[in-house]
Amino acid sequence: MKKIEAIIREEKLEAVRKALETSGYLGMTVSEVSGHGRQGGLILQWRVGEYKVDFLPKLKVEVVVLDEDVSRILNAITAAARTGEMGDGKIFVLPVEDAVRVRTGEEGENAI
Amino acid sequence: MPVNAADTAWLLISAALVMLMTPGVALFYGGMVRRKNILSTIMMSFAVLALVGLLWVLYGYSLSFGPDKWGIIGGLDWVGLRTVGQEPSSVYATTVPHLAFMIFQAMFAIITVALITGAVVERIKFSSLFLFSALWLTVVYCPIAHWVWGSGGWLAKLGALDFAGGAVVHISAGVSALALAILVGPRRGFREKEPMEPSNIPLVVLGAGLLWFGWFGFNAGSALTSGGLAASAFVTTNTSAAAAATTWMILSWIYRRPTLLGVATGAVAGLAAVTPAAGFVSPMMGIPIGIGAAVVCYYCMLLRTRRGIDESLDVWAVHGMGGTWGVLATGIFASVAVNSAGANGLLMGNAMQLLKQLAGIGTVWVFAFGATWVLGKLVDVTMGLRVSTVEETVGLDISQHGERAYGGMLR
């Protein structure tokens with residue numbers, strides 16, 4: 001099992017959700033995060049003049065998948081979240097030890 | 001004179017309107033600070049509402065308006081509201097109960113002290129600010145109010161015009177704010193240009209809205225009667241606010257985009273500037289006064305930023321300089337055709353009035369700055385004005401008040 005953590009643009013959430021659903025993964029966890037990569041910050045206006053905000057709002061989508069699905073899901077997310085501009089985000093893949101479905105107590109791959 | 005029911009009704013309503021301005025200032029300021037300091041910022045104004053409400057009836061009113069002593073201060077005859085009752089005063093607002101005039105004036109003292117707090121948000125120690133507020137009311141506000149509005153006050157006798165408090169409220173608060181901010185020093189990270197984002201702009205606009213609404217009591221109420229002069233001041237006030245808000249919006253638009261923070265700030269600048277003039281100039285003069293206010297305050301704010309002074313919420317630029325422009329503008333645009341108790345200004349051929357206005361401005365600037373400096377130093381050496389580094393980093397909501405604005409993990 002692998003956990004896929006995708007940092008994406010806020011406006012791409014619906015596209016990514018649909019792509020995961022089409023790929024057979026209905027469950028996911030989404031959180032609001034802030035950060036920046038190469039995109040740099042955001043210039044905002046004060047009462048006079050302006051100031052720079054270094055951290056931009058992004059969404060983090062987490063989904064745990066079977067080992068054999070990893071590349072398929074990575075492709076699906078990448079295709080759905082890409083605009084081609086800076087700030088499209090990043091995806092990380094992490095190993096997962098175990099999983100438990102709280103309702104039934106099922107463990108391992110059966111739980112995801 | 002007997003009590004006039006219409007005048008009394010209008011003045012009591014006006015007092016309530018002005019009262020609402022202080023929670024308005026609290027929200028106006030609160031929304032502009034970082035979220036860790038929003039409660040402490042609101043608390044500064046709200047605590048002043050309570051503190052000054054008490055001190056005013058105990059002795060503040062007597063010091064400001066009590067029987068004159070040498071033109072500089074009111075006597076102690078009215079301490080604890082002694083002889084201030086349901087009958088009209090023989091000198092102030094003679095058609096309403098003396099108590100109505102007293103409580104109307106209380107609201108002015110309250111908001112003046114509350115205005116200053118915007119200069120020192122996010123790093124001043126609450127206990128020190130509380131003590132400073134009491135001292136400032138006593139040593140700075142009461143004398144200035146007496147000079148300008150007190151029967152026998154020396155600036156009143158000189159003929160300096162200040163309809164609703166351009167000098168007494170706005171210049172005194174703005175200049176004192178500048179002095180106190182310099183004494184307290186900048187917030188950590190200010191010099192390093194760390195972003196200090198306003199946490200809630202809708203709250204700022206709600207506050208500005210309450211201010212605009214309450215200002216009708218402030219300015220039209222200062223007619224002290226219900227009638228033509230009140231209506232005239234009402235329209236002049238609204239016109240200036242509208243002109244200044246539009247101008248500020250355009251200035252921010254020229255810079256980049258029309259900002260909501262800008263339009264709200266412009267409205268407040270226009271209201272501050274029209275305060276001394278509202279009952280002395282004709283309603284259409286609200287337009288040049290408002291446009292001038294936005295331009296003056298906008299560029300003063302830029303200047304303040306470029307000088308690296310952390311007068312955090314620009315009380316000086318908006319109220320100090322808006323008030324200064326307004327008191328000057330009164331000397332330019334005033335006309336006895338509007339208010340026979342006023343005077344003619346420069347445009348009516350009376351250049352003398354402009355000099356009298358300048359005397360008022362200079363006096364209040366020098367006295368407010370100097371006295372605030374001394375009081376601030378006094379509090380600094382005895383209690384310390386600033387919170388510790390850790391307290392400042394954590395935020396004043398938790399370190400000063402043990403509360404947080406947005407608590408809880410559960411929705």
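The axes of α8(B) and helix α10 (residues 286–306) of chain B come within 7 Å and cross at roughly 40 degrees. Here axes are lines fitted to C-alpha atoms, for helices over the stretch in contact, and angles run from 0 to 180 degrees between N-to-C directions. Helices (H or I, at least four residues) and strands (E, at least two) are DSSP runs numbered from the N terminus. The model is predicted: local features need pLDDT of at least 70 and side-chain atom pairs count only at pLDDT 80 or more, while totals for chains, interfaces and linings use all residues. Residues are numbered from 1 along each chain as its sequence is written, and chains are lettered from A and ligands numbered from 1 in the order in which they are written.

α8(B) and α10(B) are therefore oblique to each other; angles under 35 degrees count as roughly parallel, over 145 as roughly antiparallel, 65 to 115 as roughly perpendicular and the rest as oblique. Their crossing is right-handed, a crossing being left-handed if the near helix is turned anticlockwise from the far one by less than a right angle, and right-handed if clockwise. Residues of α8(B) including B:T236, B:S240, B:A244 and B:W248 meet residues of α10(B), among them B:G286, B:G290, B:A294 and B:Y298. Contact requires that the C-beta atoms of two residues, placed from the backbone, lie within 7 Å. The residues of this contact between α8(B) and α10(B) comprise 13 nonpolar, 6 polar and no charged. Ala, Val, Leu, Ile, Met, Phe, Trp, Tyr, Cys and Pro count as nonpolar, Asp, Glu, Lys and Arg as charged, and the others, Gly among them, as polar.

Helix α7 (residues 201–220) of chain B packs against helix α8 (residues 228–255) of chain B at an angle of about 140 degrees, with the axes 9 Å apart. That makes α7(B) oblique to α8(B), and α7(B) passes α8(B) in a right-handed crossing. On α7(B) the contact is made by B:W212, B:W215, B:F216, B:N219 and B:A220, and on α8(B) by B:A230, B:A233, B:F234, B:T237 and B:A241. By class, the residues of the contact of α7(B) with α8(B) are 8 nonpolar, 2 polar and no charged.

B:V274 lies in helix α9 (residues 260–274) of chain B. With 34 C-beta neighbours inside 10 Å, B:V274 counts as buried; a residue is buried if 20 or more other C-beta atoms lie within 10 Å of its own, exposed if 12 or fewer, and partly exposed in between. Leaving aside residues up to four places away in sequence, B:V274 touches B:N219, B:T236, B:T237, B:S240, B:G286, B:I289, B:G290 and B:G326. B:K36, in the loop between α1 (5–30) and α2 (38–65) of chain B, is partly exposed, with 19 other C-beta atoms within 10 Å. With the same exclusion of residues up to four places away in sequence, B:K36 touches B:G395 and B:D397.

Chain A has 2 helices and 6 strands, in the order β-α-β-β-β-β-α-β along the sequence. The C-alpha trace of chain A spans about 60 × 25 × 20 Å along its principal axes. Of the 112 residues of chain A, 17% count as buried. Among contacts in chain A between residues at least 6 apart in sequence, 70% join residues at least 24 apart.
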